[in-house]
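Have a look at the picture first, then come back for the details.

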Amino acid sequence: MINNKNILITGGAGFIGSTISNKLMDDGYKIIILDNLSVGKRENLTKNAYKLYKLDMIKDNIEVVFEKEHITHCIHLAAQTSVSESSKNPFYDAQMNIFSSIKLLELCKKYDIRKFIAASTAAVYGTPQYLPIDENHSVNPISPYGLSKLTMENYIKMSGVPYIIFRFSNTYGEKQNCSQGSGVITIFHNAMLHNDDVKIYGDGNQIRDFISVDDISNICIKMLDSDLKNETFNFSSNQGITINELFNKMKKIYDYKKFPVYLPARKEEIRDSILSNKKIMDKFPNFKYKNFEECIQKLKSSAKGNK
Ligand SMILES: NC(=O)c1ccc[n+]([C@@H]2O[C@H](COP(=O)([O-])OP(=O)(O)OC[C@H]3O[C@@H](n4cnc5c(N)ncnc54)[C@H](O)[C@@H]3O)[C@@H](O)[C@H]2O)c1
C-alpha cells in the first residue's frame, strides 16, 4: 500500500513539515526532506528513517534530489511564512513563495510526479465578505504573503502537475516557531508557562479559527492516499473563537492568574476570519478532528517534558 511512494517534503524540518514527516515515517513511507534549516531543525525529526537534503530552494540546484531519489509525490511546505516580513521584504517573499515554487514545479513536471500537495493560506482571501469563507469567496489578498501564495496557486494550476492545494487556517501545536510574531496560541503558551504578560492586540473580540498541526498531518496523509486531484480545499476547524475566549480557555489549562495586557490593534490584521471546511468534509466525512482542549493540554505537557 505504502512502499510505492517516495515522498519529497520541502520544509520538512519545520513546524508543520516535521509533524507530517514524523507521522509518515511511523507509517513506513520513504521520506526525503529538502530544507535549508533556516527555521526548521533536525531535532524536530524524531526518527532516522529519512534523507535530508540541506539545500536552499532559491540559490541551490535542487534537481540533484530528483536525480538521486525516485520521487513520486511532493508536499511543498517550504516558504517565507510571515505576513509582516512579507511587507518588509516583498522581493524575498516573492523569490521564495513564487519563484522557488515554480522551480520545484518544473522539476515535478520533468520527473512525472504523481501528486503535488501545496500549503497555501487563508491570507489569499483578504478581507472576508462573509463568514465562514468558502472556496468560492473572492481572492483579494491584502499582504504580499497572501499575494505570493495566490500566485503560487495559479502557477500550480497552470503546470499540468496533478495537484492539491490546501488553504490552512491558523495552525497551532508543538514545535511552532513564533519568533516573527505569528502563532497566537504558541505565544500565549510561552507567556503562560513563564508567567509573563499575555498581550492582546485590539479588544480581543476578533474571531479566528485554529487548526491543530496533527489534524493537518492527518488530512495530508489521507490526501496522499486518495485519488483526488486538481482541487483547492480550505482546511480549518470551522469553529470561530475570539481571542478573549482563547485566552480564558488557555488560562484555565495553564492555571494562569494574570489579566491580559491590551495593546492597540495591528493594522495589517484581518478583523474576523473563519474558513469553511465543508468542501473537504464532503470528501472525507469520517475525518475525526482532535479535541481542542486536549491539544492544548498536549502542547503544555510537551513543553514541561522538554525542560
Ligand atoms: N503555521 C501556520 O499557521 C500556517 C497557516 C497557513 C499556511 N501555512 C503554510 O504552511 C507551510 C509550513 O509552515 P510552517 O508553519 O510549518 O512554517 P516553518 O517556518 O516552520 O516551516 C517552513 C520550512 O521551510 C524551510 N525553508 C524556508 N526557506 C527555505 C528555503 N529557501 N529553502 C529551503 N527550505 C526553506 C524552513 O527552514 C522551515 O523548515 C508554509 O508554506 C506556510 O505558508 C502555515
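Asn-6 sits on strand E1 (residues 6-10), which runs parallel to E2 and is joined to it by five bridges; strands count as paired if DSSP finds at least two bridges between them. Keep in mind that this is a predicted model: local features need pLDDT of at least 70, side-chain atom pairs count only at pLDDT 80 or more, and totals for chains, interfaces and linings use all residues. Residues are numbered from 1 along each chain as its sequence is written.

**The chain as a whole**

- The chain has ten helices and 13 strands; these are DSSP runs numbered from the N terminus, with helices (H or I) of at least four residues and strands (E) of at least two.
- Its radius of gyration is 19 Å, close to the 19 Å from the globule rule for 307 residues, so the chain is as compact as a globular protein of that length. The radius is taken over C-alpha atoms, and the rule is 2.2 Å times the number of residues to the power 0.38.
- Along its principal axes, the C-alpha trace spans about 55 × 45 × 40 Å.
- Of the 307 residues, 41% count as buried. Buried means that 20 or more other C-beta atoms lie within 10 Å of the residue's own, exposed means 12 or fewer, and partly exposed is in between, with C-beta atoms placed from the backbone.
- Among contacts with a separation of 6 or more, 79% are between residues 24 or more positions apart. Two residues are in contact if their C-beta atoms, placed from the backbone, lie within 7 Å.

- E1, H1 and E2 make a right-handed β-α-β unit. Right-handed means that, with the strands pointing away from the viewer, the path from the first strand over the helix to the second runs clockwise.

**Around the ligand**

- The ligand is surrounded by 26 residues, and the closest are Gly-11, Gly-14, Ile-16, Gly-40 and Ala-79. A residue makes this list if its C-beta atom, placed from the backbone, lies within 6 Å of the molecule.
- Helix H1 (15-26), strand E5 (115-121) and strand E7 (170-172) are the elements that give two or more residues to this shell. H1 gives the most, with three residues.
- By class, the shell has 13 nonpolar, eleven polar and two charged residues. Ala, Val, Leu, Ile, Met, Phe, Trp, Tyr, Cys and Pro count as nonpolar, Asp, Glu, Lys and Arg as charged, and the others, Gly among them, as polar.

- Gly-11 is in the loop between E1 and H1, and it counts as buried because it has 26 C-beta neighbours inside 10 Å.
- Gly-11 and Ala-79 are 68 residues apart along the chain, yet their C-alpha atoms are separated by 7.3 Å.
- Leaving out residues up to four places away in sequence, Gly-11 touches Gly-17, Asp-35, Gly-40, Leu-77, Ala-78 and Ala-79.
- Val-39 is in the loop between E2 and E3, and it is buried, with 20 other C-beta atoms within 10 Å.
- With the sequence neighbours up to four places away set aside, Val-39 touches Gly-14 and Asn-177.
- Val-39 and Asn-177 are 138 residues apart in sequence and 7.7 Å apart in space, C-alpha to C-alpha.

**Helix H6 and what follows**

- In helix H6 (residues 184-193), the buried residues are Val-184, Ile-185, Thr-186, Phe-188, His-189 and Met-192.
- His-194 lies in the loop between H6 and strand E8 (199-201). Is His-194 buried or exposed? His-194 is exposed, because it has 8 other C-beta atoms within 10 Å.
- Asn-195, which follows H6, has a positive phi, near 55°.
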